[in-house]
Amino acid sequence: MKWYSRGVLVVSLLGSAAVGLVVTNLGIAQGGVTLRVACGTVGSQQALCKSAADRWAAKTGNKVDVVPNVASSNERLALFQQQLSAGSSDVDVYQIENIWPGLLADYFVDLKEYVPEATIKEFFPSMIEADTVEGKLVDLPWYGDAGLLYYRKDLLEKYGFKKPPSTWAQLTSMATKIQQGERKDNSNFWGYVWQGAAYEGLTCDALEWIYSYGGGTIVDNKGNVTINNKNAAAALDMAAKWVGTISPKGVTTYSEEESRGVWQAGNAAFMRNWPYAFPLGNGDTSPIKGKFDVTVLPKGPGASGKNAATFGGHSLAVNRFSKNAKAAADLVVYMTSAEVQKERAIVGGYNPSRPVVYKDPEVLKASPFLGRLYKVFANAVVRPTTVTATKYPRVSEAFWNASNSVLTGKSNGAAALVALEDELKRIKGAKW
Amino acid sequence: MNFELPKLRFFAGRIVFWFGLGVLLFYLLFPFYWAIVSSLKTSNQLFATPISYIPQTPQWSNYASIFTTQPFGRFLLNSFLVAGGTTLLSLLFGVFAAYAIGRFEFRGRQPIYYAMLAVTMFPSISVLGGLFVLIRGLGLYDTIPGLIFTYMLFTLPFTIWVLTSFVREIPSELEEAAFIDGATPFQALHKVLLPMIAPGLVTAGLLAFIQAWNEFLFALTFTVNENSRTVPVAIALFSGTSSFELPWNLIMAASVVVTVPLLVLVLIFQQRIVAGLTAGAVKG
Amino acid sequence: MPLKNPRNPNRRYSLSAWRARTAWLLLTPSLLILVLVAAFPLFRSFQLSLFDVSILKFPLQLTWVGLDNYVALASDPRWWRSVWNTVVFTVISVGFETVLGLMIALLVHSEFKGRGLVRTAMLVPWAIPGVVSSQMWRWMFNDVYGVINDLFIKLRLIKTPMAWLAEPALVLPAIIAVDVWKTTPFMALILLAGLQGIPKELYEAARVDGASSVQQFWRITFPLLRPSLLVALIFRTLDALRVFDMIYIVAGTQIETISMSIYARQQLISFGLLGYGSAVSTGMFLILALYIAVYLVTLKVEVK
């Protein structure tokens, strides 16, 4: 019998150890409430979130428990859906991406009930609009992101270009020339890298091309499918020509980090990416430190051409099942306040969601880069998330698949968009 | 001249053998070597071309920072408790079940045997929602026993099937003799059968342990707190200043830290236990 | 074979009743756990497949649609593409894994210098957390800074860098190479245990009879290894048919390589379609069950 009895003993020991762990978790804060906030990922993001949350806790006599988020955005959405659809109140405040309000609107409280009108007016109106679903303010914007064109100042100069490109045609010819020249010493050199994998990032990139060509935003504000037009097709065909010429063939599998990998090693003349690549490229050991700059993405051809930057970002929302929704809303207001955003901008380089922070002299001194982003944010293109609401993921998936099929040469712009229009109409059904 | 040919063949065979072995080992080990190299690079060296195969300036600080940015030691312990608990329970219950299915005749034996397989035929994502509700209902949410309990969903059927296949291969005369001598089924199982199926026991245990040790989806969904977080989840929480940035060197360092204890465990298992138990089993 | 007692015919009945009771007693803990952990989630999944329900609406609005989800599934080209992809992936990778796993098991089981090293080395791929190793392969496959291109060019296997994950003709071989790398140890370990259970005396007897090592393999090793081989095949196949993480991370959701599990996840999680996604899961279950049934029939295995 000794084999089992030993086994049973070990098992019960493990069991009781585990129960012990659970019991110690149940310690309840004396006075005030304990909120759980899911924000940031492990490292500097979480440290910043925690320090602000702790200040709020000290001020209000409550307690805040900060849990880190999983880095992959797909995993995060899956996790939040499981927790929320099971009616779990374990997490009071969620950090969500700005394409999720339409998706998860039902699971968050209407912040209009807790936040004064005047406070809401202090944020970028376009961000508040994107976070309002059928009249409900789902979250408060926390920080923004927008697509930027990164370019190598030193290489532009070396090949006799005075300014970064202002149209896509210019970008193409500049990238071609620089690539030809640089290839003599570096067989790994490419003209332009971006995000071409079949995922949400391609939706952002392709939306920028199409919008800059005057091809609209896939689905317009009224919910009409507008994607099947000449300008949109021309935009996709242009991008398809880059693949294998000025962009590596593998670009159709690249997400943000792959593009940055090629760029930051000094192997690309241009890159489309989010602001996060700026401080990283200027890091101490970076081979391209001080050799690059950013600007708005180029315009499409002709009169209908305009600059475009897809808007991304994160916001904070309160779980509708939270037992302390009022305190949680108060925490959200504090976390998104000008005071906290200023700290986050200076220490972490996060782009504020309140215009006033961009004018703060201390912020501008610490990060002149932010001041220039203000303009980009003001003109950012929003993905059609609010109008397509819970069907946005299907719209986006159909769109990135169609775009990817053009990029990989399986289809061309015109044909892919005819099929896409049909599919989007099918997804829409009677209404979004 | 006649004996030259076989000798030549022998050497050719040797060369092919060692060459094949070399290619095989390279295939199996190079990615792990690459993980170690990557874990010792700075974030800029990761992307650098031309690629360097040996870290020029080994960044041991990557390893230190895993343990300083979060209680990684605690996560290792949690993983160990979860994987250990899952393995022990699966083996304990699995041996009983395999003994019953492999040795006893009773109605419903075959349906049960296949039903065990059927529960593993669903994608784990589709049972996730139901399990989440269940775990919360049982009060096991965010606990180590909760993880152990859900991991049995995939380790137990596997263990039972492996052990059953071993039990069937053992001639039943020995236990029959034990029964006639008045032994209880538990005694027969313990004294007669267990030593004979030792290789299966060790293998099933090892595979269950590694599976539980590396499991990610359930561990992510059923825990929130550091007190119950396991290592794969902890690795997925790493990122840089932005959620786009993947701190690859840290992730690789963390993976090396998780993998090494497993390899040590395997070494111990193989050198001692497998050798000891198989020797006993073969002799009967 | 039940014990018979010719002197007392009644004894046989009571003995078999006693045996059945003991068997159920032995099975109880396992059954209890599996029923608890599997019955409710599986039942819920099946139930949901008969409704139109979105996880994104609160409170959940269940609209009874009967078999509509299954009808839609039957004519969903993306679903059938994912089935085809998964089956092709499974047949090829499990095939390679079986052959390679058997070779490794035989190798490690035989006596040669450095056997201990190989025995530990073979487990390395299986021991690295899958989520991480898949990301690592994606990194290694990169066309500009990936190590595979660099290595292959140095070894003169290719001339110019390849976009492994972007070329439709290369992406399937690429993910199969990752899967074989990752899961061959599983195969090898089970087969090794099977080999260890084969009595050495059989080989000695065969050698005395003058059987060559090839004959020994087909006459002794292979037949006696069959039970282990079958268990390894079944579980490896089940895993391969449910492949998710690895393809999802290495190749994303592109149509060339989308697997059944990725498709199910897309419907259930990304699109929040609980009803349709559950129907996809049940569809998967049916295909897996069919696949396993084919195994059991062709390999003629039954509970003796």
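Colleague: At what angle do helix H8 (residues 173-180) and helix H9 (residues 185-196) of chain B pack, and how far apart are their axes?

Modeller: Two packed helices are described by the angle between their axes and the distance between the axes. This is a predicted model, in which local features need pLDDT of at least 70 and side-chain atom pairs count only at pLDDT 80 or more, while totals for chains, interfaces and linings use all residues. Residues are numbered from 1 along each chain as its sequence is written, and chains are lettered from A and ligands numbered from 1 in the order in which they are written. Here H8(B) and H9(B) pack at about 145°, with their axes 10 Å apart; axes are lines fitted to C-alpha atoms, for helices over the stretch in contact, and angles run from 0 to 180 degrees between N-to-C directions. Helices (H or I, at least four residues) and strands (E, at least two) are DSSP runs, numbered from the N terminus.

Colleague: Which residues of H8(B) and H9(B) meet?

Modeller: Two residues are in contact if their C-beta atoms, placed from the backbone, lie within 7 Å. From H8(B), B:Leu174, B:Glu175, B:Ala178 and B:Phe179 meet B:Gln187, B:Ala188, B:Lys191, B:Val192 and B:Leu193 of H9(B). The residues of this contact divide into six nonpolar, one polar and two charged, where Ala, Val, Leu, Ile, Met, Phe, Trp, Tyr, Cys and Pro count as nonpolar, Asp, Glu, Lys and Arg as charged, and the others, Gly among them, as polar.

Colleague: How many residues of chain B are in contact with chain C, and which helix gives the largest share of that side?

Modeller: Chain B brings 76 residues into contact with 75 residues of chain C. The helices of chain B that each supply at least two residues to this side include H1 (4-39), H4 (72-103) and H13 (248-283), and the largest share, 13 residues, comes from H7(B). By class, the side of chain B that touches chain C has 56 nonpolar, 15 polar and five charged residues. For the contact between chains A and C, 20 residues come from chain C and 28 from chain A, and the side of chain C has eleven nonpolar, seven polar and two charged residues.

Colleague: What radius of gyration does chain A have, and what would a compact globule have?

Modeller: The radius of gyration is taken over C-alpha atoms, and the globule rule is 2.2 Å times the number of residues to the power 0.38. For 432 residues a compact globule would come near 22 Å, and chain A, with 24 Å, agrees. Its C-alpha atoms fill a box of roughly 70 × 65 × 55 Å along the principal axes, and its secondary structure comes to 20 helices and twelve strands. Among its contacts between residues at least 6 apart in sequence, 72% join residues at least 24 apart.

Colleague: How many residues of H19(A) are buried?

Modeller: A residue is buried if 20 or more other C-beta atoms lie within 10 Å of its own, exposed if 12 or fewer, and partly exposed in between, with C-beta atoms placed from the backbone. In H19(A), 15 of the 16 residues are buried, so this helix is largely enclosed by the rest of the structure. Helix H19(A), residues 392-407, reaches 22 Å from its first C-alpha to its last, close to the 22 Å expected, where the expected span is 1.5 Å times one less than the number of residues. Helix H9(A), residues 200-212, should span 18 Å and has its end C-alpha atoms 19 Å apart, which agrees; 13 of its 13 residues are buried, so H9(A) is likewise largely enclosed.

Colleague: Where is a positive phi found in a residue that is not a glycine?

Modeller: Most residues other than glycine have a negative phi, and most peptide bonds are trans. A:Glu134, in the loop between strands E4 (132-133) and E5 (136-137) of chain A, has a positive phi of about 45°, and with 9 C-beta neighbours inside 10 Å this residue counts as exposed. A:Ala389 also has a positive phi of about 45°; this residue lies in the loop between H18 (385-388) and H19 of chain A and, with 19 such neighbours, counts as partly exposed.

Colleague: Which residues does the cis peptide bond in chain C join, and what is its omega?

Modeller: The bond from C:Phe58 to C:Pro59 is cis, with omega near -10°. C:Phe58 is found in the loop between strands E1 (51-52) and E2 (63-64) of chain C and counts as partly exposed, with 17 C-beta neighbours. Leaving aside its neighbours within four places in sequence, C:Phe58 is in contact with A:Asp106 and A:Tyr107. In chain B, a cis peptide bond joins B:Thr49 and B:Pro50, with omega about -10°, and B:Pro50 lies in the loop between H2 (43-47) and H3 (61-69).
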